[in-house]
Amino acid sequence: MRVLIGAASALLCLFLAVAVDASELPRFLEKARDADVVILGEIHDNPTHHATQAEIVAALRPAALVFEMFPQLAEGEINDLRANGAPAGDIARVMHWDVTGRPDFGYYAAILAAAPGATVFGASQPAVDVRRAGVEGAAAAFGPDATIYGLDRPLARAELAVRSRLFTAAHCGKVAADRLPGMIEVQRFRDAGLADAAIWARTMTGGGQVVVIAGSGHADKLRGAPAAIAVAEPDLRVVTLGQFEAPPDAEERFDGVLLAPAPARADPCATLP
């Protein structure tokens, strides 16, 4: 996919894990030190999750940082700004962060500052491609490289049913059944995009360690970006962290899980139609 886009330089948490306390962090760091790819999950507006990510990044000092929420097409400008010592505000402006509706850019600026020598890669794809994935399927939106990440293979009926239940629960039971297949395809598209960015980052840094910053659902080893990486590059060692605000379900899908209190926020279910 990277070759097709030509940027060589340039949603959801699934809640499937065994919850552990904060003493997991040192154990997780030991697992992560020798990994090829480390995926650090988050709930996007939780400041504690971002502080933990910054702490881990500072300890690992990876060669590359991949951000789910940074546009792929902006990564060249971002790296130029970092090389020239630009302030975080300039990096945010390149991405038009103030109109994205995303949380305070300061959360991500702290992660960037934790690895000043890392090359930054973006995994956010154009909205037109995301919409196409929802209508035509992940493989059509991803292009010829879809086969590399298994997007050409339809999900088994049982797996589709599991994902449908998870999406419905995550959206407060307010998702129309006819919308679920498209939502699942969008998630597959985004996970493959994260996997593609991580593998590209590793290639462009000569095999250096890559840390991926993404929602915890994307860090799920069974259904998220790690699964897509395993299809494309099965020999890569991927270590994942899920971060949550309440104990998730009992099925383990991460190499480590951390809990943090939820920040003050409006009831997300109240805003859904």
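Reader: What makes arginine 27 and glutamate 24 a salt bridge?

Author: In this predicted model, the closest N and O atoms of arginine 27 and glutamate 24 are 3.4 Å apart. The cut-off asks for a side-chain nitrogen of Lys or Arg within 4 Å of a carboxyl oxygen of Asp or Glu, so the pair at 3.4 Å counts as a salt bridge. By this rule the count comes to 12 salt bridges.

Reader: Why are arginine 27 and glutamate 24 said to be separated by about one helical turn?

Author: Both belong to helix α2, residues 24–32, and because they stand three residues apart in that helix, about one helical turn separates them.

Reader: How do you know whether arginine 27 is buried or exposed, or something in between, and what is glutamate 24 called?

Author: Buried means under 20% relative accessible area and exposed means over 50%. Arginine 27 has 44% relative accessibility, which is why it counts as partly exposed, whereas glutamate 24, with a relative accessible area of 6%, is buried.

Reader: What makes the salt bridge of aspartate 36 and arginine 202 a tie between parts of the chain?

Author: The side chains of aspartate 36 and arginine 202 meet in a salt bridge at 3.1 Å, N to O. Aspartate 36 lies in the loop between α2 and β1 (37–40), while arginine 202 lies in helix α10, so the pair ties together parts that are 166 residues apart in sequence. Both aspartate 36 and arginine 202 are buried.

Reader: How do you know that arginine 188 and glutamate 185 form a salt bridge, and where do they lie?

Author: The closest N and O atoms of arginine 188 and glutamate 185 are 3.2 Å apart, and since the limit is within 4 Å, the pair is counted as a salt bridge. Arginine 188 and glutamate 185 are three residues apart in helix α10, and therefore separated by about one helical turn; arginine 188 is buried, and glutamate 185 is buried too. Elsewhere, salt bridges that share partners join Glu24, Arg27 and Lys31 into one network.

Reader: Why is α9 called roughly perpendicular to α10?

Author: Helix α9 (residues 157–170) and helix α10 (residues 180–204) pack at an angle of about 95°, with their axes 10 Å apart. Because angles of 65 to 115 degrees count as roughly perpendicular, α9 is given that description relative to α10. On the α9 side the contact is made by Leu160, Arg163, Ser164, Phe167 and Thr168, and on the α10 side by Leu180, Met183, Ile184, Gln187 and Arg188. By class, this contact of α9 with α10 has five nonpolar, three polar and two charged residues.

Technical notes:
Residues are numbered from 1 along each chain as its sequence is written. This is a predicted model: local features need pLDDT of at least 70, side-chain atom pairs count only at pLDDT 80 or more; totals for chains, interfaces and linings use all residues. Side-chain values use heavy atoms; hydrogens and water are left out. Axes are lines fitted to C-alpha atoms, for helices over the stretch in contact, and angles run from 0 to 180 degrees between N-to-C directions. Helices (H or I, at least four residues) and strands (E, at least two) are DSSP runs, numbered from the N terminus. Angles under 35 degrees count as roughly parallel, over 145 as roughly antiparallel, 65 to 115 as roughly perpendicular and the rest as oblique. Contact means heavy atoms within 4.5 Å. Ala, Val, Leu, Ile, Met, Phe, Trp, Tyr, Cys and Pro count as nonpolar, Asp, Glu, Lys and Arg as charged, and the others, Gly among them, as polar. Buried means under 20% relative accessible area, exposed over 50%, partly exposed in between (1.4 Å probe, protein chains only).
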